[in-house]
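Please keep the sequence and the 3D view side by side while you read.

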Amino acid sequence: MLKLFKLLGNKRLFVILIALVMFIALMGFTLGPRASLSWPEKFMRDTVGFVQNIFYKPAGYVAGLFKDIGNMREIYEENENLKIALAQYTREKATYNFIEEENKKLQEALKFTEAQMQKYNYSYHIAQVISVNSDPVNQSLVIDLGERDGVKVGQSVISVKGMVGVVSHVSNFTSTVKLITSMDAKDPNSNGIAATSMDNHQTFGIVESYDEASKMLLMNQIKEDDPIKKGDMIVSLGDTDKYPRGLIIGKVKSVEESKFGKTRTAMIQPEAEFQDWKLLFVVFTPEAPK
């Protein structure tokens with residue numbers, strides 16, 4: 001120790017001791033619990049933050065530039081697909097307009113009555129689901145539209161994706177909807193739905209029951225030479241007031257021979273999802289003239 005004193009000298013040793021005391025005091029001050037930072041700490045933090053900001057922003061711009069370049073190809077491909085879809089929509093819209101205009105002319109030439117021309121002019125009233133009855137024997141919903149809203153027994157109820165059921169009971173403010181998943185061919189009170197394919201109207205069958213095991217609707221009475229095939233979208237044919245024409249039912253998953261071999265049965269996967277009941281529509285058809 002004496003050699004160290006001699007080597008450093010009294011003045012140098014004094015300065016080192018003072019610096020050491022100040023360093024220990026500073027550590028004790030900064031490590032203790034404090035509500036706010038001291039001005040040197042604030043100064044240091046602000047300085048570091050300012051310097052980081054100077055380097056961070058340009059680095060961020062460069063990184064974002066490379067990311068944007070990478071996304072440009074995806075945006076380009078998506079834009080090309082949208083252009084193709086728009087062109088196809090424009091062609092189909094033009095075709096539809098020609099057909100619609102031709103249809104009107106034919107109706108006028110054949111002297112269709114106003115009721116006949118408005119036969120398929122449906123309107124849809126939004127309904128909210130109040131309660132759900134999950135009883136397998138009587139699966140039903142209660143909606144917030146009733147007799148005061150013009151709802152009547154037998155009206156179809158659909159979701160955004162497809163047919164849900166039929167109004168079975170009506171009170172002043174609410175209505176009960178019997179789901180198509182409760183259809184049973186053996187039940188005399190259960191009415192089948194005359195159906196066809198959306199793309200081929202030569203197809204015909206009756207959707208009249210639901211298989212709980214496979215979660216599929218059964219479309220019966222299909223002739224052997226019927227062109228129905230897997231993937232066809234099945235819609236209502238509209239031969240009764242309960243099921244207006246063109247309501248989407250589901251997609252064909254398979255077609256099998258019936259038990260007696262003279263007709264075929266199609267397994268239809270319902271388009272409507274019978275789990276999420278956020279929004280439904282009651283289908284209103286034009287009143288038939290009395």
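Let's begin with Glu 273, which is partly exposed because its relative accessible area is 46%; buried means under 20%, exposed over 50%, and partly exposed in between, with a 1.4 Å probe and protein chains only. This is a predicted model, so local features need pLDDT of at least 70 and side-chain atom pairs count only at pLDDT 80 or more, while totals for chains, interfaces and linings use all residues. Residues are numbered from 1 along each chain as its sequence is written, and side-chain values use heavy atoms, with hydrogens and water left out.

**Salt bridges**

- Side chains of opposite charge can pair when their charged atoms come close.
- The count comes to seven salt bridges, each being a side-chain nitrogen of Lys or Arg within 4 Å of a carboxyl oxygen of Asp or Glu.
- Glu 273 and Lys 161 form one of them, at 2.7 Å from N to O. This pair links distant parts of the chain, 112 residues apart: Glu 273 is in the loop between β12 (263–270) and β13 (280–284), and Lys 161 is in the loop between β4 (156–158) and β5 (163–170).
- Helices (H or I, at least four residues) and strands (E, at least two) are DSSP runs, numbered from the N terminus.
- Lys 161 counts as partly exposed because its relative accessibility is 44%.
- Lys 83 and Glu 80 are joined by a salt bridge of 3.9 Å, N to O. Both lie in helix α2 (residues 39–109), three residues apart, or about one turn of the helix.
- Lys 83 is partly exposed, since its relative accessible area is 49%, and Glu 80 is partly exposed at 28%.
- Arg 148 and Asp 149 also meet through their side chains in a salt bridge, at 3.9 Å from N to O. Arg 148 counts as exposed at 60% relative accessibility, whereas Asp 149 is partly exposed at 27%.

**The closed barrel**

- Strands of a sheet pair through backbone hydrogen bonds, either parallel or antiparallel. Two strands are said to pair if DSSP finds at least two bridges between them.
- Six strands make a closed barrel in the order β7-β8-β9-β12-β11-β10, with antiparallel pairing. Neighbouring strands of this sheet are turned by 45° against each other on average, direction ignored; axes are lines fitted to C-alpha atoms, for helices over the stretch in contact, and angles run from 0 to 180 degrees between N-to-C directions.
- Look for Met 219, which stands opposite Ala 266 in β12.

**The open sheet**

- Seven strands form an open sheet, ordered β1-β13-β4-β5-β6-β3-β2, and the pairing is antiparallel. At its edges are β1 and β2, each pairing on one side only.
- From one strand to the next, the twist averages 35°.
- Strand β3 (residues 140–143) and strand β6 (residues 175–179) pair in the antiparallel sense over four bridges, and Val 142 stands opposite Thr 176 in β6.

**Nonpolar cores**

- In soluble globular proteins, nonpolar side chains tend to be buried together. A nonpolar core is a set of buried Ala, Val, Leu, Ile, Met, Phe, Trp, Tyr and Cys residues joined through side-chain atoms within 4.5 Å.
- The largest nonpolar core has 23 residues, of which Ile 193, Met 219, Ile 234, Ile 249 and Ile 268 touch the most other members. Strand β9 gives the most to this core, with three residues.
- Another core, of 15 residues, lies apart from it and has Ala 127, Leu 141, Leu 145 and Val 164 among them.

- Is Ser 236 buried or exposed? Ser 236 counts as buried because its relative accessibility is 0%.
- Ser 236 sits in strand β10 (residues 233–236). Not counting residues up to four places away in sequence, Ser 236 touches residues including Met 163, Ile 193, Tyr 243 and Ile 249, where a contact means heavy atoms within 4.5 Å.
- Gln 128 lies in the loop between β1 (123–127) and β2 (129–133) and counts as partly exposed, because its relative accessibility is 39%.
- Leaving aside neighbours within four places in sequence, Gln 128 is in contact with Val 142, Ile 143, Asp 144, Lys 278 and Leu 279.
- Gln 128 and Leu 145 are 17 residues apart in sequence and 7.9 Å apart in space, C-alpha to C-alpha.
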